[in-house]
Amino acid sequence: MTETIVVAVDGPAGSGKSSVSKAAARRLGWAYLDTGAAYRALSWYVVERQVDPTDAAAVIDALPDFDYRIGTDPATSHVYVGDTDVTEAIRTPEVTAVVSAIARVPEVRAFLTGLFRGIIRKTDRDGIVVEGRDITTVVCPDAPVRILLTADEAVRMARRSAELAGHSAAHVGEALRRRDEADARVVDFMNAADGVTTVDSTDLDFDQTVDAVIQVVQKAAHV
Ligand SMILES: Nc1ncnc2c1ncn2[C@@H]1O[C@H](COP(=O)(O)OP(=O)(O)OP(=O)(O)O)[C@@H](O)[C@H]1O
Ligand SMILES: Nc1ccn([C@@H]2O[C@H](COP(=O)(O)O)[C@@H](O)[C@H]2O)c(=O)n1
């Protein structure tokens with residue numbers, strides 16, 4: 001049996017990790033794993049249980065009952081906690097506002113890293129594109145393809161605020177900047193680690209960015 005090719009993608013908020021990784025996986029006919037969805041789903045779960053997200057001990061206590069599932073088909077990836085489909089709920093500003101507090105707890109990171117590696121091991125496709133903040137450095141440091149997807153902060157802010165009609169651009173931009181600042185205290189996703197290829201999409205449109213990612217995959221993995 002041939003080994004699944006893992007494409008590890010990291011980057012700051014709004015850099016296009018999920019949309020570009022998903023599109024690249026679709027074009028390659030490979031699986032896709034959004035790791036941020038698990039941090040978001042755990043945040044949703046903690047808030048549902050009325051646990052204080054800043055109380056690390058209480059968050060750790062919630063982990064054994066956190067029954068998480070995510071699909072890895074890039075065409076239809078839904079997220080479940082128990083029987084509840086939380087695909088939409090985990091994208092609300094309320095969840096986004098608390099996710100960094102959850103993600104900074106080392107026990108949470110170790111728990112979710114184990115979960116991600118289990119999902120990757122079970123992939124039945126030739127490859128899987130896995131995106132997040134610490135995939136190139138912690139979750140899959142030995143992946144044959146490792147990419148840092150980035151873009152200037154002003155460009156990322158503009159792309160994110162274009163998605164969120166009805167929210168002020170200044171507020172959306174500030175929330176993105178603050179989340180990156182908090183997350184960067186835990187893992188370095190602003191600088192490419194040794195052996196990681198940077199794809200800067202500041203001056204690329206969406207399709208050009210997907211092409212650039214696919215070119216890195218083809219060169220590194222010979223597919
Ligand atoms: N090269 C590009 N040109 C124009 N728009 C882009 C480009 N790359 C991504 N986008 C758009 O930018 C927005 C943010 O992308 P996406 O949600 O994939 O980022 P992300 O890195 O996953 O963000 P987060 O970490 O906050 O979830 C989306 O609307 C996406 O379609
Ligand atoms: N590998 C990862 C992925 C995500 N996080 C945390 O989850 C938050 C949400 O991630 P999105 O990609 O959906 O924006 C993110 O802000 C991080 O706090 C992480 O720590 N490691």
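In this predicted model, strands β1 and β7 run parallel and are joined by 4 bridges. Within this pairing, Ala 8 has Arg 146 of β7 as its opposite residue. On its other pairing, β7, which covers residues 145-150, is linked to β8 by 4 bridges, and these two strands are parallel as well. Here Leu 148 faces Thr 198 in β8.

These pairings belong to an open sheet of 5 strands, ordered β2-β6-β1-β7-β8 and paired in parallel. Its edges are formed by β2 (31-34) and β8 (197-200), each of which pairs on one side only. On average, and with direction ignored, neighbouring strands of this sheet are turned by 20° against each other. Helix α1, residues 17-28, packs on the sheet and touches β1 (5-10), β2, β6 (127-132) and β7. The direction of α1 makes about 175° with that of β6.

How many residues of β7 are buried? The count is 6 of 6, and the strand is thus described as mostly covered. The burial extends to both faces: Val 145, Ile 147 and Leu 149 are buried on one side, and Arg 146, Leu 148 and Thr 150 are buried on the other.

A second open sheet has 3 strands in the order β3-β4-β5, with antiparallel pairing. The strands at its edges, β3 (68-70) and β5 (84-85), each pair on one side only. Between β3 and β4, the latter spanning residues 79-81, the antiparallel pairing comprises 3 bridges. Arg 69 stands opposite Tyr 80 of β4. Across β3, β4 and β5 lies helix α2, residues 36-48, which runs at about 35° to β4.

Helix α2 also takes part in covering another helix. The buried residues of α4 (residues 93-103) are Val 95, Val 99, Ser 100, Ala 101, Ile 102 and Ala 103. Their cover includes α2, α3 (56-62), α5 and α8 (169-184). When residues up to four places away in sequence are set aside, Ser 100 touches Arg 179, Ala 182 and Asp 183.

Helix α5 supplies a contrasting case. Ala 110 is located in this helix and counts as exposed because its relative accessibility is 54%, where exposed means over 50%. Between the C-alpha atoms of Ala 110 and Asp 61 the separation is 14 Å, and the two residues lie 49 places apart along the chain.

Rolling a probe the size of a water molecule over the atoms shows where empty space is left. The second largest pocket holds about 450 Å³ of space. Its lining consists of 18 residues, and those nearest the pocket centre are Glu 3, Thr 4, Val 6, Ile 120 and Arg 121. With 3 residues, helix α5 (residues 106-121) gives the most to this lining. By type, the lining residues divide into 8 nonpolar, 3 polar and 7 charged.

Note on methods. Residues numbered from 1 in each chain as written. Chains lettered and ligands numbered in written order. Predicted model: local features only at pLDDT ≥ 70, side-chain atom pairs only at ≥ 80, totals over all residues. Heavy atoms only, no water. Pairing = 2+ DSSP bridges. Contact = heavy atoms within 4.5 Å. Axes fitted to C-alpha atoms, helices over the stretch in contact; angles between N-to-C directions. 1 Å grid on protein atoms, 1.4 Å probe; cavity = no way out; pocket = protein on both sides within 12 Å on 5 of 7 lines; lining within 4 Å. Points joined across faces, edges and corners; volume = space filled by probe spheres on them. Nonpolar A, V, L, I, M, F, W, Y, C, P; charged D, E, K, R; others polar. Buried < 20%, exposed > 50% of the residue type's maximum accessible area, 1.4 Å probe, protein only.
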